Structures are given as C-alpha cells and as structure tokens.
Amino acid sequence: MGTTISGKLVTIKVNNSVLSCQSGKTVLEACRDANIKIPTLCYDKRLEPYGGCRLCLVEVKGFSKPLSSCTTPIEEGMEIITESDELTRLRKTSLALILSNHPFDCPHCEKTGDCQLQDIAYEYGCDWEGSNGRDAQLISSTLNGEKWDLPRRDDNPFITFEPNKCILCARCTRICNHVVMAGTIDITGKGFDSLPDTAFRRPRSLENCEFCGQCVSTCPTAALTDRQGRGKGRKYQMKQVKTTCTYCGTGCNFFLNVKNNKVVKVTSDYDAPVNRGNLCIKGRYGYDFIHSKDRIQTPLIKRNGKFYEATWDEALGLVASKFRELIDKYGPGTVGGFSSSRCTNEENYLLSKFVRCAVGSNNVDNCARV
Amino acid sequence: MAGLATSLGAGASTNSLSQMADMDLLFLFGSNPNEGHPIISLWLKKGLRNGAKLIVGDPRKTWMARRADVWLNLKPGSNIAMLNGIVNVILENGWENREFIAKRTEGFEELKAKVREYDLDRVETLTGVAKENIIEAARLYSHAKKAMVVYGLGVTEHQTGTENCIAIANLALVCGHLGKPSTGIMALRGQNNVQGASDLGPLPATLPGYQSVALPEVREKFEKAWGVKIDPKPGLKSVEMLDECRRGNFKGIFILGEDPAQTDPDLHHVRGALEAVEFLVVQDILPTETTNFADVILPGASFAEKDGTFTNGERRVQRVRKAIEPLAGMADWEVICKLSTLMGYPMHYNHPSEIMDEIASLVRIYGGINYARIEKQGIQWPCPTKDHPGTTTLYTDLFSRPGGLAKFIALDHKGSGELPDKEYPYVLITGRIREHYNNGSMTGRCSGIVEIVPEELLEISAEDASALGIGHLEQVSVSSRRGEIKVKAKITDRSQPGNVFLTFHHRNALSNLLTSGFRDPITGTPEYKSCAVRIDKL
Ligand code: SF4
Ligand code: SF4
Ligand code: SF4
C-alpha cells in the first residue's frame, strides 16, 4: 500500500530519454511509470523494497557496479541505463541460479501462463542454445543443479504450498509480516534448506493464520496457489471481471475470474483505490456461495404451508395483484418495503421509487440500520 | 450516522481511507477492524508502522488494544461518560483548539457546562477506566497534529448510538481535528452498501439524497420526475411496520435481500410480526430464516450477476459488474421494474447506468456521477457536477449545516438499556468475526470458511470460566430474559471478566434470541452490543 508522494519533480535520463518524475520514487518505480520494462521477481508494490532477486539491476552513471533499481531512489540529473549486454549477462546468471533449483513441470503447473518466473525465463531465452564458455556452464548448472524434492502441502482449505517451486523471494513472508502483520510465516531453516514456512512447519490454521491469501497473491511462482482455484483454468482461458466486494463497507475491488459462466477464482486488482491489491479472507475466498446448490433458482409460492416452484410470470403476477388488492382494500399506508444495505445503489433507489410510486406510501426502510 | 449528520451536516465518514497511512494519532473506538474491516485495518497498521500513536476504547482486548499506547477498557454502555470525561480533561488543561471552536462551531458554552459535571472521579466510576488513562488519552489526542477517530458498531449499536456519535464529534470539534487530510472521523459500517443505501432513500422520512418528504420543494422535484403525488407524511420505520403487523394493521411487506428473522434483535417479536402479516414477499439469493415466513420467494441475483454500484465507507461510488448471467434469469433491478409495471406504474431501464443517470439528476451529491466516469476508479461524493473530481476530505472550509458551522451538543450518560444483575450477571456483547458475514447465508456456504469456523463459540474469560467450572469447548447454555441458546465456550483473554461475546453468523445458535429490544430512539438501530445474560454449565 504505497502512500501518494506529493513532492517536487526530479529530472532523470533513462536510456537517453529525459523523464520528469515525482521525487521520492525509486528508479524502478520511475521507469515502470514511464513504461520502461525492468525485470523483477522479489518486487511487489505493496511491499517495501527488498533488493533480493538481483534482476532489476541497472547501470547508473558514476557508479562502477550496477545498482538494484528497486532500492535506489531517483536523484536530480541521474543517468540510467536499463539494458546492456552486461546487464543481460548478470540477469541471466541470477536467473540460472534460481532455475537451477526449480522443477520444470510447466505443462501441468498451476501457474503456467501467469508465472513471473516463466515469463522472465522466456524473455531472457534461458535455453542458452548454442552458447559457449561461461553461458554453457549456466546451462549445465540450471539443468543439473541439486533440486529440492519436497512433498506438496494441502494442509488447510485455502492455500496449497509446493515448496519445490519456491524461489525464496520472501514476498510471502514480507507481506504476511509487514502488511498483514499476522506473523504466520517466516523464512525458516538455513542455506539450501531455507523455506518460507510457519513456526514448527505446522499447518496453517486459525491459530496461526488469517487466511487472507495475501501470500498467495504475491507469490511469483506456483509455490503458493489458491487451493480452490487449482485446475479450474489457465489465466488466459478465463475472463477477468473487475468488481467491488459484496461483504463489508471497505469497498475493495478485485477480479472475478470466470470460465464457462462460473466464478472460479478471485485475483487482486493492484489499481484499486482502497485496497491496492490487498484482500481479506471473505473477499478472496468467500465466493463459492455464488454457485451454491442452495441458491434460490426459481420463484416459489407458498400454498398450505409448502413452497411450490413457479414461473416469474406467475409469481410476479400474484405479487402484483395481491399488493394491489391490499392497497385497494386497506389503503397504501398498509403496504411497504424493506431494502437492503447489501443491494446496489440502483436497486435501493428503485425500491424507494417503487414504494412511493407503485404502492403510494412512504413506508420504505433500510431494515438493518447497521 | 444520524449523529454525525446532526453535529457536522452529513452522515458519512469525513476522510479517505488511504489518508489513514499519514495520521499521527489513531483513536479507535468501539471497533475491531482486524475482524470487521480487515483491509481498513491494513491502512491503520500502516499508519501505526509510520509512527502513529494509538488509543483504543473497547471493552474487549482486541489485537489493536494489545498494541495501544492507551487502552480504555470501558464498561459496555459507558461511551458518553468516557468521551465527556476526555473532553473535560482537555478543557481543564487548556488543550482545546480555541481558534477552531470560535470560527467553525456553535454551542460550545453548553458543552463546556455539561462536561464539567464529568470529573475524573465520576468518569472513573462510570466507565471503570483508571484516571491516568483518561488523562493520557486526552493529552495524546489533543496534542496530535493529524488525529483520526475511527469508530464502529460498538458505538452505534447501542440505544444511545446516535448520541455516542455526537459525543465523538464533540471531541473532534473541541480539538479542531476535522477538515484536513488524515484528520477526521471515520465510521466503519457493517454491510457493504450501508452508505449507498442510506444515501439513496429507502428511508421513510427522506427521498433519495436525504431530501425530506416534508419539504414542498423537494416533493415537487420528485413529483415532476416520477409523475406521481408524494405523501408529505413520513412513512413507518421498519420496526414500526413490524409493530403494526403484530397489531394487525399492516398488511403487505416486500423484503429485498434482508434477513430480519435472524439478524434483528429480539427475534420473538420479529417472527411474530412476520407470521402475522397478511402477505410477505422476500427476495433473496439464498434461503434464510426470513424466507421461511414468505408467501412468495423471489430469487435474487448475487453481486456477480448484475451491474450496478456500491458506495463504500469513504463515500466512494464504485462499479459492481456482471460477471455471469443471473442464475434465475433476472437481476433484482429488473424484477422491481417488472413488478412495478404490473402494478400499474411502468418502469423501464435498458441498463442500470440509466438508473444512475436518473439518480444524478435528482440527488445533488451524486450529480456528477455516471458509469463512464467511474469506469476505472470510483468517485467520492459530494460530486455535484460532471467536471467535479469528487471529495476526499469533507468540511475543509464549511460544515454542511445551516450557516456552515458545526454544532456542539451537550449529552448525558445513560448507560445500556439492560444492565447485569444477580439473575443475569454477565454482559453479552455481540459482534462479528473476520471469517463470517452477517447471517452467514453466504459465508456459511463457502466450504473453506465453514471448515475453519464451523460453529458459534461463546468467548469467555478464563476467570469467569473457572468460576463457573466451564472448560474450553464445553457446552454451555446462555440465557437472557428473552431466550436461551446452547453453544460451546471458548476461553480467551479477548473477553474481560464479566463480559462474554457471541457473533450472529450461525443459524444453529441464534444469538439474537438473547439480545434486547432496546433501540436508539433516533435511528432505530438496535442495541445489539450489550444485554444481560446468565451462563450455565451443561
Ligand atoms: S494467508 Fe495471510 S496470514 Fe496466512 S500466511 Fe498468508 S499472508 Fe500470512
Ligand atoms: S513461496 Fe513464493 S512468495 Fe514465498 S518466498 Fe517462495 S517464491 Fe517467494
Ligand atoms: S475484501 Fe474483505 S475488507 Fe475488502 S471489502 Fe471484502 S470483506 Fe471487506
């Protein structure tokens, strides 16, 4: 959740074009604002800069070594280069290290098509076909590196953890500790055995976790995924519909992911003014009621204490004639409506109009008053 | 919200949520945002990480209370005494903002005379909060540069709910903590669209946009737009309609998406009324306790099945978008149009955007809002014209009351409608938990949520549990003068001795069988927050 920085303007030069940016931004933010691409894996704009993945390196005039753009604030007159042979080589080295301990099960991986690691590996051509010398070593370390072989964990209803796919970017632990302040997970273990995990590797439960899924939302790979959404479709096969949460009055925005007229997943909307990509358990995981088998699917009319299915025409015809009859017999003051703080503005307005115009009374109220 | 409207002009939060990151003091009162409004709590946490000081007024030891610089663990129902006491300390020490009081408020002398009756000894007795803490809270709040009061249902769901809000406004006004970024009063509401539903007029005394039916010019405007005559007499509040049903005087009710038979306090009364009414129509997406009473049930469309807007707690009008077709074929707005047409008042819109255009033409605060403008990001009302950017901070120069001045209103402590006694010695506080929502009809059908929170639990302190001989997760009976339910007990230090806590999310333990019929006489908001109960081991 970045705060708006309203500072003075700073002029910098990126790849020889001049940019005018708000002071207080980092080189990465300034470049991304100007649509200049810099690869990252450990960056998430909801988090404080970290500088862990070494992919966002840029050359800054006056510095002998490349700097990580996510931790470097812009300064007046700074001259920055974001692409060069040397930067590409350095980025490939970092990527190779990451890939050396990464399973290559992309065909059936949950994240395929929506995976930051996959995208960057594709962009940097990590097959290194036909390369020689130093690059050739990279290939062999990538393919032959020692790899984790840890079981997938489905030990709670919402979050699946595939430790083998973790690239130790610490995004999950940072969002859990710094943004949610839940303190559920941390990088545990040392060296090759370090992993983001709960204390004593206990399953996530309400005892230790809020199930907000923030960790899942930030994970760049399939190490953390939404359990209920697994296998339900690739991102590019689903329609993403931006909407506003139906639960509390915070008004978070998110995307409903729809496939075959079914809502199968909720994903973050980073541009949302209120929540900026963050969500709670209800917003992120509270959608299965939409397709609950208990949903009322057709109008029901009660006869002798039992409900019978009816068509819309039958039901609305009955309601209209019965209300009319009561109004004619006892007066409009004996009929009214309750509306709901869960319904849309338009529906609330219409109900108010309906009672005043079709019924003819002011007996309309918002029944919950909370 | 009637409270803020009385004191300041509008019944709405004064600032944007994102401004919370930059405040330097947070006074959290009767609200547990970590559970009720988790994403707002992230903004608050960000403010705290940025160094804001924290005062928490809550009888329960919440996440925030544990981290507070000052925790005012006041007795339920003693909000006004608490706030009067704090204002009195501020005035006695000369910590008030005299310039602000002189230029932007009225009624200060009455307030001053009243709060003088609330000296520290008396307030300590009424609230149970130690004097040092009251003084420290007053000092911190009055000395802050950018102070926000964030309050929740713990303030409004009392019979003195409206007055509690007024008391909060008094405090903010005394210190001039209004009308600037990151400085103001934020009300955290229960349901997603309480703000919009209040704004747009399903209220008996006002037409959409808080425009009184009693005013001839208002009626004239709507009569012209709607082509009907409007009764100048205010209608009945929901409570009154239900009362009249029991008396046999009220004949037909259309309930859109509400579940009073589970969520209303004093359920026996409500259920009696719903049984008595001659013709009841309920439109909802899922079966609820209320649909059982219906003569006709109409299927509702969920938020994923319709276009529209919601207005959030910072007055931001945002789009709801249809992601899938309505399961039952029609969205709620279409059903209302059809029904109205069948009853002889034709209503026709091609799309909800046309309804919003009509709203904009009749309601000034929504005047500049249309779907094209809020396609990417919502707009905060007031937004009177098409080129108005919306309003992030209210009252930067004038309050929206006659004369532009805010009003101090002197108030007295009244306490809860029902106090604990020998027979019913515990105070029951009801509220929400993060995982569930209201009557649970939606979250109760989300498999993961049901798996982690399958049932209602009575939260009770270790002290009370051991005095009653109750173990963790043992069955107990909770009874009040109105009813009895059986639940498992959860021993937790979130509950203070003498207080127990229940939610109202579960159909298997209807906590509102216990809660009292006391209500805020002004808004009709029920006193969900406290009633007297007894607890028996089973
Ligand atoms: S779900 Fe939320 S609380 Fe739980 S580990 Fe992930 S970020 Fe932390
Ligand atoms: S689980 Fe995902 S987010 Fe967490 S450290 Fe591993 S790769 Fe990063
Ligand atoms: S995601 Fe959570 S905090 Fe946000 S609106 Fe929905 S319920 Fe409220």
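The model is predicted: local features need pLDDT of at least 70 and side-chain atom pairs count only at pLDDT 80 or more, while totals for chains, interfaces and linings use all residues. Residues are numbered from 1 along each chain as its sequence is written, chains are lettered from A and ligands numbered from 1 in the order in which they are written, and side-chain values use heavy atoms, with hydrogens and water left out.

**The interface**

Let's start where the two chains meet. In chain A, 112 residues are in contact with 147 residues of chain B (contact means heavy atoms within 4.5 Å). Together the chains bury about 11500 Å², 64% of it on carbon and sulfur atoms; buried area is the accessible area (1.4 Å probe) that two parts lose on being put together, summed over both. The interface holds 6 salt bridges, a salt bridge being a side-chain nitrogen of Lys or Arg within 4 Å of a carboxyl oxygen of Asp or Glu. Glu347(A) and Lys306(B) form a salt bridge through their side chains, at 3.2 Å from N to O.

The chains also share strand pairing. β15 (residues 335-339) of chain A runs parallel to β9 (residues 252-256) of chain B over 4 bridges, and Phe338(A) has Ile255(B) as its bridge partner. Strands here are DSSP runs of E with at least two residues, and helices are runs of H or I with at least four, numbered from the N terminus; two strands pair if DSSP finds at least two bridges between them.

**The ligand shells**

A residue is near a ligand if one of its heavy atoms lies within 4 Å of it. The table sorts both shells by class: Ala, Val, Leu, Ile, Met, Phe, Trp, Tyr, Cys and Pro count as nonpolar, Asp, Glu, Lys and Arg as charged, and the others, Gly among them, as polar.

| Shell | Nonpolar | Polar | Charged |
|---|---|---|---|
| Ligand 3 | 8 residues | 3 residues | 1 residue |

Around ligand 1 there are 13 residues, and Cys176(A), Cys209(A), Cys212(A), Gly213(A) and Cys215(A) come nearest. Ligand 3 lies between chains A and B, with surrounding residues including Cys245(A), Cys248(A), Cys252(A), Cys280(A), Pro38(B) and Ile39(B). Helices α7 (281-285) of chain A and α3 (38-49) of chain B each supply at least two residues of that shell.

**A sheet in chain A**

Five strands of chain A make an open, mixed sheet in the order β2-β1-β5-β3-β4. β2 (17-22) and β4 (67-68) of chain A are at the edges with a single partner strand each, so one side of each has no neighbour in the sheet. Within this sheet, β1 (residues 9-14) and β5 (residues 79-81) of chain A run parallel, joined by 2 bridges, and Lys13(A) stands opposite Glu79(A).
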